[in-house]
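Dear colleague,

Please find below the structure that I am handing over to you. My notes on what was found in it follow directly after.

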Amino acid sequence: MGRYVARRLLQMIPVFFGATLLIFLMVNVMGDPIAGLCGERACDTATAAQLRRQFGLDQPLWQQYTTYMGNVFTGDFGSAFNGQPVTQLMASAFPVTIRLTVVAILFEIVIGIALGVVSGLRRGRPVDTSVLVLTLVVISVPTFVTGLLLQLLLGVQWAWIKPSVSPEASFGELIVPGLVLASVSLAYVTRLTRTSLAENQRSDYLRTAVAKGLPRRRIVVRHLLRNSLIPVVTFIGTDIGALMGGAIVTERIFNIHGVGYQLYQGILRQNTQTVVGFVTVLVLVFLVANLLVDLLYAVLDPRIRYA
Amino acid sequence: MRGVARTRWVAGAAVVLLALAACGGGASGSSGGRVLSSSWGDPQNPLEPSNTNEVQGGKVLDMIFRGLKRYDPKTGKAENMLAERIDTTDSRHFTITVKNGWKFSNGEPVTARSFVDAWNYGASLRNNQKNAYFFGYIQGYDKVHPETGTQTADTLSGLKVTGPRTFTVTLGQKFSTFPDTLGYAAFAPLPRTFFTHHSAWLDKPVGNGPYTIESYTKGSQMTLRRWAGYPGPDKARNDGVTLVVYTDNNTAYTDVLAGNLDLVDDIPASQLKNVRTDLGGRYINTPAGILQTLAFPFYDPKWNTSGAKKVRTGLSMAINREQITRTIFRGTRTPATDWTSPVLGTDGGYKPGLCGRACAYDPAAARKLVQEGGGIPGGRLSITYNADTGSHKQWVDAVCNSINNALGNDRVCVGNPVGTFADFRNQIGRHKMTGPFRAGWQMDYPLIQNFLQPLYYTGASSNDGKWSNRQFDHLVDRANAESDKNRAIRLFQQAEGVVRDNMAAIPLWYQNGSAGYTDRLHDVALNPFSVPVYDEIRVG
């Protein structure tokens with residue numbers, strides 16, 4: 001187990017360097033960002049040259065990358081064009097997005113799995129059919145439509161919530177945005193749980209458990225659910241990273257100042273340091289989440305061993 | 001029926017959560033006293049007066065600073081604010097007297113030195129100020145801000161403090177309307193703490209305007225409070241303003257509908273068709289000093305021929321401005337008939353109809369002119385624009401349609417989108433354009449000079465197409481040296497005639513500023529810079 005974790009952690013190193021290098025190159029391909037700083041006019045040459053020097057843009061690309069990576073290891077992620085250090089942007093953005101992700105994941109787990117279990121245990125009944133239809137609708141409607149619709153209905157028409165999230169972004173305010181963000185994944189979790197449950201209901205060990213005369217509750221929770229949740233856990237685990245990075249649309253609709261907002265701003269202004277910094281952290285989150293998922297397998301299924 | 005019971009429970013939980021959501025939050029803007037909340041965008045550059053060149057940062061500076069002059073929010077006329085007198089005999093040497101009794105909100109008096117230090121800071125190359133060129137008229141600018149190499153002086157030799165409240169300005173050349181440019185934010189005075197505690201100042205700027213900054217969370221919110229000790233005549237009529245950063249002004253608009261935000265400036269184009277039913281009379285749409293044009297790459301020899309001149313005029317006549325402004329912009333743009341803006345007023349140099357037939361839609365004449373000029377250089381016209389902001393795609397496509405219809409060929413004109421504004425500016429700066437490109441000009445100060453010189457004078461800062469015409473330059477020089485205002489304006493209009501005769505840029509439309517607000521607010525107006533006049537707004 002320990003060696004397995006160590007090996008996985010070591011594998012992260014090349015992934016980390018590869019990802020940062022790729023993003024660094026991609027942002028640089030977009031061209032010189034200084035030209036966008038002076039509005040609808042050319043920056044005067046002297047100031048532009050000095051700004052380029054200040055942001056290290058006058059150096060060859062490989063040197064920019066090595067300087068940047070060197071700084072990253074000392075905890076300096078550079079600064080945005082308005083002079084704010086990127087670490088400061090991260091400190092304000094990540095807590096918000098993490099809260100949003102937590103809300104979304106909770107929705108996926110609670111509602112997604114519950115609906116999946118209900119319909120999986122009652123295959124073919126009206127409950128099952130309506131859940132299937134409902135999830136199909138949710139999957140086929142794009143997030144921005146659900147988001148704008150909920151915002152308009154709940155925020156403007158019925159005035160149950162505020163249409164946008166305040167800069168503090170407390171958990172209470174993030175419930176609707178979290179639901180919107182989770183909606184598609186939630187539908188997948190429901191369907192995944194349902195299928196997995198249906199499959200395992202026909203398995204030998206379950207028949208044995210029923211034959212032993214175990215109470216139904218114990219059969220469902222201990223035997224059926226535990227084994228059926230493996231694919232669901234994989235899905236939710238990988239979804240953590242996707243939710244954090246993919247919240248751009250939801251964050252824009254509800255005006256949440258999280259990671260998606262900072263990334264969007266960074267891309268528009270072509271600020272390499274913001275974009276690379278944020279994406280690097282997202283890559284790390286993704287890798288760690290994947291590792292945790294793999295370790296969770298062993299907990300859920302004792303047959304899986306890591307050496 | 002356990003399943004059904006459970007789904008019911010889930011639905012119940014969702015309702016409880018929603019109710020919780022409704023109770024949560026509540027901290028934002030609209031509550032508390034006569035304070036209003038207003039939409040904002042994250043300023044791109046640090047909030048220094050000589051470093052702020054876009055509207056969002058300008059909004060804040062307009063609240064916390066007052067300069068020597070201020071542009072009347074209604075007429076746009078430059079009027080003395082902190083200036084008691086600005087005297088000159090030769091349009092080159094100016095003596096400026098600052099009014100007595102003005103203070104910064106930290107108690108420091110505003111003196112001649114507050115101005116001179118601020119201007120020297122703004123001009124100095126070492127401070128990386130993006131508005132530095134505003135000080136370019138002042139003598140000694142080439143020493144503190146050389147085009148190449150290091151600066152050889154720290155201060156402008158043309159600025160001298162002659163008393164606690166007087167200083168003199170010497171310009172490098174005659175510039176009669178120089179005093180009227182002093183209302184621009186870059187010329188604001190700065191307190192000592194700006195220089196001594198610079199980073200603390202940037203975290204919470206201190207100025208001399210009707211508002212003070214109470215707190216500033218970069219990238220998300222700024223709360224401004226009325227400054228009770230403000231000595232000026234334009235005291236704030238509300239208790240404060242909370243500026244909330246929105247990534248998408250559609251959300252800000254929705255927030256205004258729900259009463260979660262009091263004021264949204266810049267209504268998104270997609271909402272323009274509903275805005276009157278949504279907000280009724282609480283929608284304003286007033287002219288702003290913004291002109292949209294199509295510029296041409298004169299560095300490309302194909303566009304710099306006498307035939308191409310006819311082609312450009314032909315293209316201008318092929319654009320149905322009336323129809324595009326009505327259907328796409330729903331009246332928030334007005335077809336342009338000159339190269340300035342209605343906000344200047346006719347006595348400020350705006351001359352409707354100066355463009356004449358060349359700006360009137362006439363497909364037959366357009367086709368004839370393009371043919372006479374030898375056709376479109378290269379056979380194809382691609383209009384380059386940035387696709388990330390504004391609704392540029394819609395109108396560029398419409399302009400192309402109009403041109404294609406007029407010329408009777410579906411494939412003459414296409415839009416050429418560029419992903420980001422930065423990349424767009426970059427391509428322009430590197431002179432890589434092969435056809436016309438979008439050019440928007442938002443005035444810095446309401447003077448006809450500002451609509452002509454920076455855009456068409458040889459080598460000027462925003463002359464992106466590198467147009468050069470000796471006759472135009474000569475007329476502008478003469479106008480700047482002319483001390484009589486009316487004669488100067490007539491000379492500028494003659495220069496504008498040169499722009500027309502060569503069709504140096506195709507004027508498209510004058511842009512309006514738009515805003516919507518909730519019924520809590522009264523006396524909401526936009527100034528000619530399309531910024532809300534916050535100090536006049538009454539709440540409640």
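Strand 1 and strand 10 (residues 240-245) of chain B run parallel and are joined by six bridges; strands pair if DSSP finds at least two bridges between them. Within this pairing, B:Leu36 stands opposite B:Val241 of strand 10 of chain B. Five of the six residues of strand 1 (residues 35-40) of chain B are buried, so this strand is largely enclosed by the rest of the structure. A residue is called buried if 20 or more other C-beta atoms, placed from the backbone, lie within 10 Å of its own. Helices (H or I, at least four residues) and strands (E, at least two) are DSSP runs, numbered from the N terminus.

The model is a predicted one, in which local features need pLDDT of at least 70 and side-chain atom pairs count only at pLDDT 80 or more, while totals for chains, interfaces and linings use all residues. Residues are numbered from 1 along each chain as its sequence is written, and chains are lettered from A and ligands numbered from 1 in the order in which they are written.

Chain B also holds an open sheet of four strands in the order 4-5-7-6, with antiparallel pairing. Strand 4 (83-88) and strand 6 (159-161) of chain B are at its edges, each with a single partner strand, so one side of each is left without a neighbour in the sheet. On average, neighbouring strands of this sheet are turned by 20 degrees against each other, direction ignored. Strand 4 of chain B is joined to strand 5 (residues 93-98) of chain B by five bridges, and B:Thr88 stands opposite B:Phe94 of strand 5 of chain B. Helix 3 (residues 112-123) of chain B lies across strand 5, strand 6 and strand 7 (166-170) of chain B, at about 155 degrees to strand 6 of chain B. Angles run from 0 to 180 degrees between N-to-C directions, and axes are lines fitted to C-alpha atoms, for helices over the stretch in contact.

The contact between the chains takes 60 residues from chain A and 62 residues from chain B; residues are in contact if their C-beta atoms, placed from the backbone, lie within 7 Å. On the side of chain B that touches chain A, helix 1 of chain B gives the most, with 11 residues.

In chain A, helix 9 (residues 216-245) and helix 12 (residues 272-300) pack at about 170 degrees, with their axes 9 Å apart. That makes helix 9 of chain A roughly antiparallel (over 145 degrees) to helix 12 of chain A.

Yours sincerely

Key:
Two residues are in contact if their C-beta atoms, placed from the backbone, lie within 7 Å. A residue is buried if 20 or more other C-beta atoms lie within 10 Å of its own, exposed if 12 or fewer, and partly exposed in between; C-beta atoms are placed from the backbone. Angles under 35 degrees count as roughly parallel, over 145 as roughly antiparallel, 65 to 115 as roughly perpendicular and the rest as oblique.
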